[in-house]
Amino acid sequence: MKLLSILLGLSFALTGLNAAAFEQEAKSKSAVVKLSAEKPLVVGNNTIVFEIKQDAKATTGDTVTVKAFMPAMPGMPYMENKEAATELGNGKYESVVNFSMGGTWQIHIFVTPKDGKKYRVKTSINL
Ligand SMILES: [Cu+2]
């Protein structure tokens, strides 16, 4: 009985590790992108997974680039970083996104399908 409760506790702990600390959805006319991260987003580097569905289907072989930027503000220049995402499979692409400060960041996800027209999905992240 004791062993069973230890095993149960362990499986709950592991399930907890799999839960995303950050989740958000971005949409365009034909695509839905689910953003998620295992760790809460921070100032600095963040590994974010982008799950892309075009016309409700998971895509493969897309070229995905993620741009994060903050418009110029009084006393602060325009800030931007752009990174290519790596394909994980099942419509998932992973990229490191760097936020150099707290505030609202605009996110543009550029998708070039294997065969098809390039499109962009926009969202913003409050840090
Ligand atoms: Cu700023």
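## A predicted chain built mostly around strands

Let's start with an open sheet of four strands, which follow the order β6-β5-β9-β10 and pair in antiparallel fashion. Its edges are β6 (79-84) and β10 (119-126); each has a single partner strand, so one side of each is left without a neighbour in the sheet. From one strand to the next, the twist averages 20 degrees. Please keep in mind that this is a predicted model.

**The chain and its confidence**

- The chain holds one helix and 10 strands, and the order of elements from the N terminus is α-β-β-β-β-β-β-β-β-β-β.
- Mean pLDDT for the chain is 90, with 86% of the residues at 70 or more.
- Of the 127 residues, 16% count as buried.
- If we take the contacts between residues at least 6 apart in sequence, 48% of them join residues at least 24 apart.

**The β9 and β10 pair**

- Strand β9 (residues 104-112) runs antiparallel to β10, and eight bridges join the two.
- Along this pairing, Thr 104 stands opposite Asn 126 of β10, and Ile 109 has Val 121 of β10 as its bridge partner.
- The hairpin formed by β9 and β10 has six residues between its strands, and here Gly 116 adopts a positive phi near 150 degrees.

**The nonpolar core**

- The largest nonpolar core contains 17 residues.
- Val 33, Phe 50, Ile 52, Val 64, Val 66, Ile 109 and Val 111 are the residues with the most contacts inside this core.
- Two or more core residues come from each of β2 (31-37), β3 (44-54), β5, β8 (92-99) and β9.
- Strand β9 makes the biggest contribution to this core, giving four residues.
- In soluble globular proteins, nonpolar side chains tend to be buried together.

**A look around Phe 50**

- Leaving aside residues up to four places away in sequence, Phe 50 touches Val 33, Leu 35, Val 64, Val 66, Ala 85, Tyr 93, Ser 95 and Ile 109.
- Among these neighbours, Val 33, Val 64, Val 66 and Ile 109 are also listed with the residues that have the most contacts inside the largest nonpolar core.

Methods: Residues are numbered from 1 along each chain as its sequence is written. This is a predicted model: local features need pLDDT of at least 70, side-chain atom pairs count only at pLDDT 80 or more; totals for chains, interfaces and linings use all residues. Two strands pair if DSSP finds at least two bridges between them. Axes are lines fitted to C-alpha atoms, for helices over the stretch in contact, and angles run from 0 to 180 degrees between N-to-C directions. A residue is buried if 20 or more other C-beta atoms lie within 10 Å of its own, exposed if 12 or fewer, and partly exposed in between; C-beta atoms are placed from the backbone. Two residues are in contact if their C-beta atoms, placed from the backbone, lie within 7 Å. pLDDT is the predictor's confidence in each residue, from 0 to 100. A nonpolar core is a set of buried Ala, Val, Leu, Ile, Met, Phe, Trp, Tyr and Cys residues joined through C-beta atoms within 7 Å.
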